[in-house]
Amino acid sequence: QVESDLAQAVRPGWLRRWGTTSRHLTLGQLVGMGRFGHVIRARLKTSAGDVTVAAKEVRTRDGPCYRSFFREAAILVAVHEDRHHDNLRSNIIQLLALVNESTKTYIVMEYASKGCLLRLLQQKRRQNRPHAQPLPYNSNLRYAVHIARALQELQRLALTHGDVAARNVLITADNVAKLADFGQARDVYTTVQHVSNDKRGKEPADRDTNNVGHEVLPLNWMSVESLETGEYTCQSDVWSFGVLLWEIATLGREPRYGGNNQPTCHQLARTLRRGVRLRRPPDCSGEMYDVMMSCWRESPPERPVPNVLETKLMQMCHTMI
Ligand code: ADE
């Protein structure tokens, strides 16, 4: 079932306009497994020649997988058909085509050859690169600037991502970070995600787990109001962006609010209301932690808007040189 609200957010005929035949797609190696489908490196035949692309395949045509496909496709179309959108400078993964045939359903997008930011951060940690410099001196901060720009693009279109996290940021060959994985995205007018209580206590989603078809919520990235009411806004994306900064500062550690047991949705919301926040990572500067903490302010309007975050982080990048 197409999400009617989202379908209305894009101009009619979007599926046809972006549609291509699977005959133009030559599939190669599997490069990732998500909750709703595999991502396969592929070649796409275009009028300008063949290009390497990433094709996200929908696992099944029913239930959450297919809904997620339509959500993601419609959001990417809305972004790319926006007249202010600039493909070359965008920090949102570029949509190239959609395949919607009876047995083959793919979202075809630009190929980001350096893979996801989370893996990149964790590789750096494993290589034991001395993480001697405090965070502003860390080149990964540039990626945060890029994602702050992606949030501005979404804000202009009144769209929310709903799952801003290092696992959903891709890095291109020329080291540009792009926000991807819009399967949870929605427009701000349909902010309430209806999730039953039994689903609300589950472990946060991991890109590599096999939670086929379940709406598993990334609890530890979620704002207090999203945990309580299922409401998502641009300012709840800003909260998650603060957690992304924390992931960068820890080189890809898993955000946890103390203890080994994952609290339920309600428990976590109560903890956050009491003022508990993720701790300052060992190598993180006070200035950087202040930015994170501002993203986690209890009241959404008091959190910085994406362009203020971009300016602040850019200043921090420049003072490091
Ligand atoms: N993994 C998931 N999406 C990808 C993409 N667009 N490029 C490369 N790897 C990916």
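These legends walk through an overall view and two close-ups of a predicted model. Local features need pLDDT of at least 70 and side-chain atom pairs count only at pLDDT 80 or more, while totals for chains, interfaces and linings use all residues. Residues are numbered from 1 along each chain as its sequence is written, and side-chain values use heavy atoms, leaving out hydrogens and water.

View 1. Helices (H or I, at least four residues) and strands (E, at least two) are DSSP runs, numbered from the N terminus. Of the 321 residues here, 53% are buried, meaning under 20% relative accessible area with a 1.4 Å probe, protein chains only.

**View 2. Lysine K56 in strand β3.** The strand covers residues 49–58. UniProt, in an unreviewed entry, puts a "binding site" at K56; such annotations may be inferred rather than shown by experiment, and positions follow the numbering used here, with feature names shortened. K56 has a relative accessible area of 14%, so K56 counts as buried. What does the side chain of K56 make a polar contact with? That partner is the side chain of E72, at 2.8 Å. (A polar contact is a pair of N or O atoms within 3.5 Å; within protein, one must be able to donate a hydrogen and the other to accept it, and residues adjacent in sequence count only if both atoms are side-chain atoms.)

**View 3. R167 in the loop between β6 (159–160) and β7 (169–171).** With 5% relative accessibility, R167 is buried too. Its side chain makes a polar contact with the side chain of D163 at 2.9 Å.

Conventions. Buried means under 20% relative accessible area, exposed over 50%, partly exposed in between (1.4 Å probe, protein chains only).
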